[in-house]
Amino acid sequence: MPNDSRPSYGTERRSSRHVAILGALVFLSGMAALTHQLLWTRRLIDLLGASTESTARVFGIFFLGLAFGSAIAALLADRIRNPYKVAGFAQLAIPFLVIPVIYLSELTDWIWPLMGSDRIQGSGGDLLKAMITLAFVFPPSAVMGISFPLIVSGSLHCSKQSLARLGMGLYATNTVGGAVGILFTIMWAMPRIGNFNLMFAAALLDGLVGISLLLLSRSNDFSTYNSDSANSVACESTKSPVLPICLAFFSGMTVLALEVSAFQMFQLVATISIFAPAAILFSVIATLGVSAAFYSKLQGRL
C-alpha cells in the first residue's frame, strides 16, 4: 500500500507545480496584454484625437480581436495535439505584430495631408480612423485571444482538474494580471521609462511567456490528448448552447457599453488623459478577476 501511494502523491505534486507555473505565465500574459491596450489607446489618442470615440474604438476592437482569437482556438482545439506549443508560437508572434503599433505615427503620417482637414472631420475621416485602429489593433489582439484558451485546454490534460475550477482559476489569474499591468503601467512604468520603451518591454514579456510555453510543451506528454480531452468534457450539457452563447454575448456587450459610458461621464469632471480610461479599465478588469477568483474557490461548494 505505501508503494502505491507514493506515485499518486508525486503525481499530485507535479500537477500542483504545473498549475502554479501556468498561473504565473497567464498572469504575466494578462499583464502584458493590458499594458499593450493602454499604450495602444495612448498612441491612437495622440494620432486620432482625444475623445470618447477614440478610446471606445480601441477598447472595442481590442476585445473584438480577443473574441475572434478565442473562437479560432475553440474551432481548432480538437485538432491540435499539443496546445502549449501552438499557444507558445502565438505568444511569440505578438512582439512582431505590435511593431507596426510602435511605429504607428511614422506609418500614417502621409495619410492626413492626403485626406485634408475637411475630410478628416467628416464621416470619411471617422471611417478612416476606424480602419486604422482595426488594422493596427486587431491582429495582435486576435493572436492574444488564441493563446489563453489553448493554455486552459492543455492544462486540463496535464492537471486532470475540472474545467469549472481550473479554467475559472486561470481566467481569474489572467484577469488580475491585467489589472496589475494597468496599475504598473500608469503608476510606475510610463513616467519612468516612457511609452516607446514600455511597448518593447511588454512585447519582450510576451516573447518570454511564449518560450516558456514551448518548453512546457516539450516536458509534457500529449500523446493521448485528444481522447483525454473528450473525456474531460463529460459534463457537457446535451441542451442547445444557443441560450448560454446569447447570454454571454449580451453580458459582454453590456459590460463594454457601461465601460464606455463611464468614461464619457468621467470626462465631465476630469481632463481627457490616459488616466481616465486606465482608471475605468482597471475597475472593470479587477472586478472581473476578483469575481472569477471567488467563483473558482466556491465552485465545489455550490
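Let me start with A262, which sits in helix α11, residues 242-266. Helices here are DSSP runs of H or I, at least four residues, numbered from the N terminus. A262 is partly exposed, at 31% relative accessible area. The scale: buried is under 20%, exposed is over 50%, partly exposed is in between, with a 1.4 Å probe and protein chains only. From A262 to A276 is 14 residues along the chain, and their C-alpha atoms are separated by 9.6 Å.

Ground rules next. This is a predicted model: local features need pLDDT of at least 70, side-chain atom pairs count only at pLDDT 80 or more, and totals for chains, interfaces and linings use all residues. Numbering runs from 1 along each chain as its sequence is written, and side-chain values use heavy atoms, with hydrogens and water left out.

Now confidence. pLDDT is the predictor's confidence in each residue, from 0 to 100. The chain mean is 79, and 76% of residues reach 70 or more. Contact means heavy atoms within 4.5 Å.

Back to α3. It has 15 residues and spans 21 Å from first C-alpha to last, close to the 21 Å expected at 1.5 Å a residue. That expectation is 1.5 Å times one less than the number of residues. Its buried residues are P83, Y84, A87, G88, A90, Q91, I94 and P95. They lie on the same side of α3, because they cover an arc of only 160° around the axis. The arc takes directions from the helix axis to the C-beta atoms.

I94 also touches H36. H36 lies in α1, residues 2-48. It counts as buried because its relative accessibility is 1%. Which side chain does H36 join by a polar contact? That of D206, at 2.8 Å. A polar contact is a pair of N or O atoms within 3.5 Å; within protein, one must be able to donate a hydrogen and the other to accept it, and residues adjacent in sequence count only if both atoms are side-chain atoms.

Last, the largest nonpolar core: 38 residues, with W40, L44, I132, I182 and L281 having the most contacts inside it. Such a core is a set of buried Ala, Val, Leu, Ile, Met, Phe, Trp, Tyr and Cys residues joined through side-chain atoms within 4.5 Å. Another core, of 18 residues, lies apart from it and includes V19 and F148.

Conventions. Helices (H or I, at least four residues) and strands (E, at least two) are DSSP runs, numbered from the N terminus. Lists of a residue's contacts leave out its neighbours within four places in sequence.
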